[in-house]
Amino acid sequence: MKVYLDNAATTAMDDRVIESMLPFMRNHFGNPSSVHSHGREVRNAIEKSRKKVAELLNVTPSEIFFTSGGTEADNTAIISGIESHGLTHAITSPIEHHAVLHTLEVCEIKGHIQLSMLNVDEKGVIDFQQLEDLLKANPKSLISLMHANNEIGNINDLERIGSLAREYGAFFHSDTVQTMGHYAHDLKNLPVDSIVAGAHKFHGPKGAGFLFVRKDKKIHPFIHGGAQERNMRGGTENVIGIIGVAKALEIAYEEMAEHQSQIVAVKKHFIKNLNQEIPGVTFNGLSGDVENSLYTVLNVSLPPSEANRGMLLFNLDLAGISASGGSACSSGATVGSHVLRALNHQPERDAVRFSFSRFTTIDEVDYTISQLKELYTVEA
């Protein structure tokens, strides 16, 4: 049996998304910057896609900019936000995605900002009092805090953070890669200045995403070289990706309640049966709290076992189960998860991130638990 439980890394494309993209591979091949009919028909399709994304997020089309994905969008919001608004101080947390952390660290090394890191507790919850204290001492800062953590599923209160940001004149950017398409975002009423998306996290194509920047917080371009994306991103547009991201988001919004109910049932079943079958199992961050965490992610901490230590992901893979030890973007590193280190996770306990989509079945979960039970021996 082949089981895919790494949906926080990427999801399978929806057939309807593929079908929407095919005409722009086969027939509508014009360059959208060309003024002739071939170009105009493609330009029209891009603007329809922009309008659809904006409509779903309750913003104006002029606030949506298509990118190659979440990482480029994060870099654009952070680097261009700092430069455009003359910001000299930034606030983030040690459990952000590296697209945010590494970008801010480079900005600090170059002398553009002073970087402050929020404390997190053993569950990965940020210190709101520290956030307010830092804003009092450094008004007009950049705040970059993700909506939901890609490894441990913790959800930040964007309303609360955004209200503090507005009180102290800060620019609030949030990496929403893991929640886009899984939760509704009413950006007209949410006090966030910029958010990002990667289509492949909600059954769209890889290499496509978008950036939202509030119109009264305009920023300079990050990539230069052309007037594309309303002078905000040079380079010929990834037309098929743009078509795909808009279609995937449209489907996600239309079927969100149904998909959420289905995935929550899978996650609850997984938690219940893990607790029954593997004594001493715990869950990292807030991921085991179904009502208060990202419903697509479960980060499992297993009791110490020399027989399986460091080999659990490999053994699962041999059994046909694809899972992750943390962020897929760090899968080639030997240093382990920076998120789990920030939580002081015990290194003798193996940690596995299982992440679900609407294609995940109860049978797949049951098979995974049976394999874990077979592989895992709790040692005295």
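## Terms and model

A residue is called buried when its relative accessible area is under 20%, exposed when that area is over 50%, and partly exposed in between, using a 1.4 Å probe and protein chains only. The model is predicted, so local features need pLDDT of at least 70 and side-chain atom pairs count only at pLDDT 80 or more, while totals for chains, interfaces and linings use all residues. Residues are numbered from 1 along each chain as its sequence is written, and side-chain values use heavy atoms, with hydrogens and water left out.

## Helix H4

Helices (H or I, at least four residues) and strands (E, at least two) are DSSP runs numbered from the N terminus. Helix H4 covers residues 70–84, and twelve of its 15 residues are buried, among them Ala 73, Ile 78 and Ile 82. These buried residues pack against E2, helix H5 (98–109), E5, E6, E7 and E8, where contact means heavy atoms within 4.5 Å. Just after H4, Gly 86 takes a positive phi of about 60 degrees.

## The sheet

Seven strands make an open sheet with mixed pairing, in the order E2-E8-E7-E6-E5-E3-E4, and two strands count as paired if DSSP finds at least two bridges between them. Strand E2 (64–67) and strand E4 (114–117) stand at the edges with a single partner strand each, so one side of each is left without a neighbour in the sheet.

Within this sheet, strand E7 (residues 194–198) and strand E8 (residues 209–213) pair in the antiparallel sense over five bridges, and Ile 195 has Phe 212 in E8 as its bridge partner.

Terms used. Axes are lines fitted to C-alpha atoms, for helices over the stretch in contact, and angles run from 0 to 180 degrees between N-to-C directions.
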